[in-house]
Amino acid sequence: GLQALKAFTLKCKGQGILFLVSGMQPRVTSSFKTAKLDEIIGQSHLFPHIESALAFARQHKLQKTNLLE
């Protein structure tokens, strides 16, 4: 499971796809740290609640759109 998620995360990064994670339970957070997934995904892409992840995604999209104009 974690290795598949790691591979998927790296594939997303390679293709420039924003990958965010929200609402992890403490046990999952611990597993992510052990597998170094928190480092691969990036602490700035891990969120306690979906609302904060969505706000980040909206801001990211806005910044990306502004760069293209």
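Reader: Which residues is His45 in contact with, leaving aside its neighbours within four places in sequence?

Author: His45 is in contact with Leu18, Phe19, Leu20, Val21 and Phe56, once neighbours within four places in sequence are set aside. Contact here means heavy atoms within 4.5 Å. This is a predicted model, in which local features need pLDDT of at least 70 and side-chain atom pairs count only at pLDDT 80 or more, while totals for chains, interfaces and linings use all residues. Residues are numbered from 1 along each chain as its sequence is written, and side-chain values use heavy atoms, with hydrogens and water left out.

Reader: Why is His45 called buried?

Author: Buried means under 20% relative accessible area, exposed means over 50%, and partly exposed lies in between (1.4 Å probe, protein chains only). His45 has 19% relative accessibility, so His45 counts as buried. His45 is found in the loop between H3 and strand S2 (46-47).

Reader: What makes a stretch of the chain a helix or a strand?

Author: Helices (H or I, at least four residues) and strands (E, at least two) are DSSP runs, numbered from the N terminus. The chain has four helices and two strands, and from the N terminus on these run α-β-α-α-β-α.

Reader: How do you know that the length of helix H1 agrees with its number of residues?

Author: The expected span of a helix is 1.5 Å times one less than its number of residues. Helix H1 (residues 2-14) has 13 residues and should therefore span 18 Å; its end C-alpha atoms are 18 Å apart, which agrees. Just after H1, Gly16 takes a positive phi of about 75°.

Reader: What makes the phi of Lys36 worth a remark?

Author: Most residues other than glycine have a negative phi. Lys36 has a phi near 65°, a positive value in a residue other than glycine. Lys36 is placed in the loop between helix H2 (26-34) and H3. At 46% relative accessibility, Lys36 counts as partly exposed.

Reader: Why is Ile40 called buried, and which residues does Ile40 contact?

Author: Ile40 has 16% relative accessibility and therefore counts as buried. Ile40 is found in helix H3. Leaving aside neighbours within four places in sequence, its contacts are Lys6, Thr9, Leu10 and Lys13. Ile40 and Phe56 are 16 residues apart in sequence, and their C-alpha atoms are 18 Å apart in space.

Reader: How do you know that Asp38 has no salt bridge?

Author: A salt bridge is a side-chain nitrogen of Lys or Arg within 4 Å of a carboxyl oxygen of Asp or Glu. For charge, Lys and Arg count as positive and Asp and Glu as negative, while His and the chain ends are not counted. The nearest side chain of opposite charge to Asp38 is Lys33, 5.3 Å away, and Asp38 is buried without a salt bridge. Asp38 lies in helix H3 (residues 37-41).

Reader: What makes the pair Asp38 and Gln43 a polar contact?

Author: A polar contact is a pair of N or O atoms within 3.5 Å; within protein, one must be able to donate a hydrogen and the other to accept it, and residues adjacent in sequence count only if both atoms are side-chain atoms. The side chains of Asp38 and Gln43 make such a contact at 3.1 Å. Beyond four places in sequence, Asp38 is in contact with Phe32, Lys33, Gln43 and Leu46.

Reader: Which residues make up the largest nonpolar core, and what makes a set of residues a core?

Author: A nonpolar core is a set of buried Ala, Val, Leu, Ile, Met, Phe, Trp, Tyr and Cys residues joined through side-chain atoms within 4.5 Å. The largest one has seven residues: Cys12, Phe19, Val21, Phe32, Leu37, Ile41 and Leu46. Val21 touches Phe32, Ile41, His45, Leu46 and Phe47, not counting residues up to four places away in sequence.
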